[in-house]
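Dear colleague,

Please find below the structure that I am handing over to you. My notes on what was found in it follow directly after.

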Amino acid sequence: MIIPPDRLLRVAAAYHLILGLVFAVFPGDTLHSLALDPPRYWALWYAACSMPLLVAAMLLLAVRRRALRPGLLAAVVLWNLVALTLGVFFVIWTDLPRVLLGPPAAAGLWAWLLWGLYSPES
């Protein structure tokens, strides 16, 4: 059974919303569970946490306004590809725990999945 596009967009929005909220609301617990030191600049931490929240808002807007859907999905796919690239680069470059490759991998999978909804070729 194929998932309807609106449902897939809502699931993607829920994922990004939960991801952003967990990192924004529970930074100490998140860092402690990953055995990482607190960041030197908290503004950068919260800037990074705000991006999944922004993506969730864009995906919910794409559900409500079909005319804006192609542009919003293109922006979300591009953001997820940037998150994949930067995430993998910084985890490898700074020798962070390999478990932190999970969110960049998920970003790449979301980009691939949402590209199927946007794809101008189809």
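Leaving aside its neighbours within four places in sequence, which residues is H16 in contact with? In this predicted model, the residues in contact with H16 are P52, L53, V55, A56, L59, W79, N80 and W110. H16 itself is placed in helix α1, which covers residues 5-25. With a relative accessible area of 1%, H16 is buried, because the limit for that class is under 20%. There is also a polar contact at 3.5 Å, made between the side chain of H16 and the side chain of N80.

Overall architecture

The protein has five helices and zero strands. Read from the N terminus on, its elements follow the order α-α-α-α-α. The C-alpha trace spans about 45 × 25 × 25 Å along the principal axes. Of the 122 residues in the protein, 30% are buried. When contacts between residues at least 6 apart in sequence are considered, 65% of them join residues at least 24 apart.

Helix packing

Two packed helices are described by the angle between their axes and the distance between the axes. Two pairs are described here in those terms.

For α1 and α3, the axes are 8 Å apart and the packing angle is about 160 degrees. That angle makes α1 roughly antiparallel to α3, because angles over 145 degrees fall in this class. The crossing of α1 and α3 is left-handed. On the α1 side, the contact is made by D6, L9, R10, A12, A13, H16, L17, L19, G20, L21, F23 and A24. On the α3 side, it is made by W45, Y46, C49, P52, L53, V55, A56, L59, L60, A62 and V63. By class, this contact of α1 with α3 comprises 19 nonpolar, two polar and two charged residues.

For α3 (residues 42-64) and α4 (residues 69-93), the axes come within 9 Å and cross at roughly 155 degrees. These two helices are therefore roughly antiparallel to each other. The crossing of α3 and α4 is left-handed. From α3, the residues M51, P52, V55, M58, L59, L61, A62 and V63 meet R69, L72, L73, A75, V76 and W79 of α4. By class, the contact of α3 with α4 has 13 nonpolar residues, no polar residues and one charged residue.

Two local features

T30 is placed in helix α2, which covers residues 27-33. At 10% relative accessibility, T30 counts as buried. A polar atom of the T30 side chain lies 2.7 Å from the backbone oxygen of F26. Leaving aside neighbours within four places in sequence, T30 is in contact with V22 and F23.

D95 is found in the loop between α4 and α5, the latter covering residues 102-118. Is D95 buried or exposed? At 62% relative accessibility, D95 counts as exposed, because the limit for that class is over 50%. Most residues other than glycine have a negative phi. The phi of D95, in contrast, is positive, with a value near 55 degrees.

Yours sincerely

Notes:
Residues numbered from 1 in each chain as written. Predicted model: local features only at pLDDT ≥ 70, side-chain atom pairs only at ≥ 80, totals over all residues. Heavy atoms only, no water. Helix = DSSP H or I, 4+ residues; strand = E, 2+ residues; numbered from the N terminus. Buried < 20%, exposed > 50% of the residue type's maximum accessible area, 1.4 Å probe, protein only. Polar contact = N/O pair within 3.5 Å; in protein donor to acceptor, adjacent residues only side chain to side chain. Contact = heavy atoms within 4.5 Å. Axes fitted to C-alpha atoms, helices over the stretch in contact; angles between N-to-C directions. Parallel < 35°, antiparallel > 145°, perpendicular 65-115°, else oblique. Left-handed = near helix turned anticlockwise from the far one by under 90°. Nonpolar A, V, L, I, M, F, W, Y, C, P; charged D, E, K, R; others polar.
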